[in-house]
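Here is a brief report on one protein chain. Keep the sequence and the 3D view side by side while reading.

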Amino acid sequence: MTTSSAPEPVPVPIRVLLPGDQEVVAHLWSRRQTPDGWRYEVGLPAYRNGPGDTVEPAEYRVWVRAPQQMRPVEGVSYDAVPTEYLAPPSPVQEALGPRRPSGWVLAKADGRGPGRGGVVHAVDCEEAPAGAPVLTLERALDAAEQPGVRLCSLCGAAAELDPVLKGFDHGFEET
């Protein structure tokens, strides 16, 4: 049997803002940096039913957003709280910036029957229909080749998919 020499984390008090303008002091167990902010793992005090008719103290652990759903307790140090930071971006990520989500969606036209048309959008296009199934590149190309379907120029679907559909040397033909 192996034993860890690392001590068990000791929770520290933190104020958690609950719905209905309630506030409770909870245990802060850990914190995690995410792309959209910080999450804190807190243990909220509660009760649970025990054996027979007994009631015993319990703790309900949940991740909450910081600072929207919590406040520090005055005089408490949070330096020893286990903290997980985001990995720093690679040099490639720094140079290229954030990537757009992958995939495509088809906004079907209202017509009926074959050739009813539609528009292929990038998945993050503001004109893309909410909840539409995400298509792979192959499925998006298949959809784009159907009669009456066009590629959105607002989100760049046309610029990204046209060369694949028409060949990369399209537009470089000798006249």
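## Overall fold

This is a predicted model. The protein chain contains 3 helices and 9 strands. Along the sequence they follow the pattern β-β-β-β-β-β-α-β-β-α-β-α.

Of the 175 residues in the protein chain, 28% are buried. The accessible surface comes to about 13,000 Å². Carbon and sulfur atoms account for 54% of that surface. Take the contacts between residues at least 6 apart in sequence: 48% of them join residues at least 24 apart.

## Packing of α2 and α3

Two packed helices are described by the angle between their axes and the distance between the axes. Helix α2 covers residues 137–144, and helix α3 covers residues 157–166. Their axes are 11 Å apart, at an angle of about 75 degrees. Angles of 65 to 115 degrees count as roughly perpendicular, so α2 and α3 are roughly perpendicular to each other.

From α2, the contact is made by L137, A140, L141 and A144. From α3, L161, V164 and L165 take part. By class, this contact has 7 nonpolar residues, with no polar and no charged ones.

In soluble globular proteins, nonpolar side chains tend to be buried together. The largest nonpolar core here has 20 residues. Those with the most contacts inside this core are W104, V120, A140, L151, C152, C155 and L161. The elements that give it two or more residues are β7 (104–108), β8 (118–122), α2, β9 (149–151) and α3. Helix α2 gives the most, with 4 residues.

What does C152 touch beyond its neighbours within four places in sequence? C152 is in contact with V119, V120, H121, C125, A157 and A158.

## Backbone exceptions

Most residues other than glycine have a negative phi, and most peptide bonds are trans. D21 is not a glycine, although its phi is positive, at about 60 degrees. This residue lies in the loop between β1 (12–18) and β2 (22–34). D21 is exposed, with a relative accessible area of 82%.

A cis peptide bond joins A66 and P67. Omega there is about 0 degrees. P67 sits in the loop between β4 (55–66) and β5 (70–72).

Is E41 buried or exposed? The relative accessible area of E41 is 18%. Buried means under 20%, so E41 counts as buried. This residue lies in strand β3, which covers residues 37–49. Not counting residues up to four places away in sequence, E41 touches H27, L28, W29, S30, R61, V62 and W63.

Q146 is in the loop between α2 and β9. With a relative accessible area of 46%, Q146 is partly exposed. Q146 and G118 are 28 residues apart along the chain. Their C-alpha atoms are separated by 9.1 Å.

Definitions and conventions: Residues numbered from 1 in each chain as written. Predicted model: local features only at pLDDT ≥ 70, side-chain atom pairs only at ≥ 80, totals over all residues. Heavy atoms only, no water. Axes fitted to C-alpha atoms, helices over the stretch in contact; angles between N-to-C directions. Parallel < 35°, antiparallel > 145°, perpendicular 65-115°, else oblique. Contact = heavy atoms within 4.5 Å. Nonpolar A, V, L, I, M, F, W, Y, C, P; charged D, E, K, R; others polar. Core = buried A, V, L, I, M, F, W, Y, C linked by side-chain atoms within 4.5 Å. Buried < 20%, exposed > 50% of the residue type's maximum accessible area, 1.4 Å probe, protein only. Areas by Shrake-Rupley, 256 points an atom, 1.4 Å probe, with all protein chains shown as cover.
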